[in-house]
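Subject: Structure for you to look at

Hello,

I am passing on the structure we spoke about.

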Amino acid sequence: MINARIEHIGLQAREPERVKDWYVRVLDARVVFARSEPAPAYLLALPGGGALLEVYQADRALADTADNTLAGWRHVALRVESIEAARELLAARGVRFSEPVKPAGGGGWVLFFRDPEGNLLHLVERPTETLA
C-alpha cells in the first residue's frame, strides 16, 4: 500500500494576486510561499489544515472550467463544522450562493459558491461519524 495524501491542489488563475487575496480575505488562508518572478505563484494554507492551495499564473482560460458536469476535477470541497455558521460568515464577506444548502452524497449537507475567477468550491458539513 502506498501511504499517500494530497499535498496541494494547483489553481491556475488569470489574476493570481487577486485570487490569492480573495482566499486570504474570504477563507482566512495564510500565504506560506510567494514568488513574483518569473510569474506570480503562491502556496496558501487554510486554517483547518490539510492540503495546500497553489495559485499560479494561467496563460489561457476556458469558459466551461466551472461546469460541474464536465469530466475531470471540477470543485474543491471545504469541510466545516457548521454549514450555516460558515455560510453567514462568507455571506458577510461578499460571497454569493446561487443554490440553497442541499443534501451531500455520503451524508450531511453541501453549499456551492465560486471564487472571483469562477472556480467552484463548496462547503460540506457531515456528521462526525460519517466519512471521518
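R35 stands opposite A41 in β3. Strands β2 (residues 30-35) and β3 (residues 41-45) run antiparallel and are joined by 5 bridges; two strands pair if DSSP finds at least two bridges between them. Strands (E, at least two residues) and helices (H or I, at least four) are DSSP runs, numbered from the N terminus. The hairpin formed by β2 and β3 has 5 residues between the strands. P38 is in that loop between β2 and β3, and a cis peptide bond, with omega about 0°, joins E37 and P38.

This is a predicted model, in which local features need pLDDT of at least 70 and side-chain atom pairs count only at pLDDT 80 or more, while totals for chains, interfaces and linings use all residues. Residues are numbered from 1 along each chain as its sequence is written, and side-chain values use heavy atoms, with hydrogens and water left out.

D28 is found in the loop between α1 and β2. Its phi is near 60°, a positive value in a residue other than glycine. With a relative accessible area of 40%, D28 is partly exposed (buried means under 20%, exposed over 50%, partly exposed in between, with a 1.4 Å probe and protein chains only).

**Strand β8 and its neighbours**

Strand β8 (residues 120-125) has 5 of its 6 residues buried, so it is largely enclosed by the rest of the structure. Strand β5 (residues 75-79) runs parallel to β8, with 5 bridges between them. Strand β7 (residues 109-114) runs antiparallel to β8, with 6 bridges. L123 in β8 is the bridge partner of L78 and also of L111.

β7 and β8 form a hairpin with 5 residues between the strands, where G118 takes a positive phi near 90°. N119 is in the loop between β7 and β8. Is N119 buried or exposed? At 15% relative accessibility, N119 counts as buried. Its side chain makes a polar contact with the side chain of D115, at 3.0 Å (a polar contact is a pair of N or O atoms within 3.5 Å; within protein, one must be able to donate a hydrogen and the other to accept it, and residues adjacent in sequence count only if both atoms are side-chain atoms). Leaving aside neighbours within four places in sequence, N119 is in contact (heavy atoms within 4.5 Å) with L11, T65, F113 and R114.

**Pockets**

The largest pocket holds about 1600 Å³ of space. A pocket, on a 1 Å grid over the protein atoms alone, is an open set of points where a 1.4 Å probe fits, with protein on both sides within 12 Å along at least five of seven lines; lining residues have an atom within 4 Å of a point. The lining of the largest pocket has 49 residues, and I9, L53, H75, V76 and L121 lie nearest its centre. β1 supplies the largest share of that lining, 6 residues. Elements that each supply at least two residues include α1 (16-27), β4 (52-57), α2 (83-92) and β8.

The second largest pocket holds about 160 Å³. Among the residues that line the second largest pocket are A66, R96, K102 and L120. β7 gives the largest share of this lining, 3 residues.

Regards

How values were computed: Grid points are joined across faces, edges and corners, and a volume is the space filled by probe spheres set on the points.
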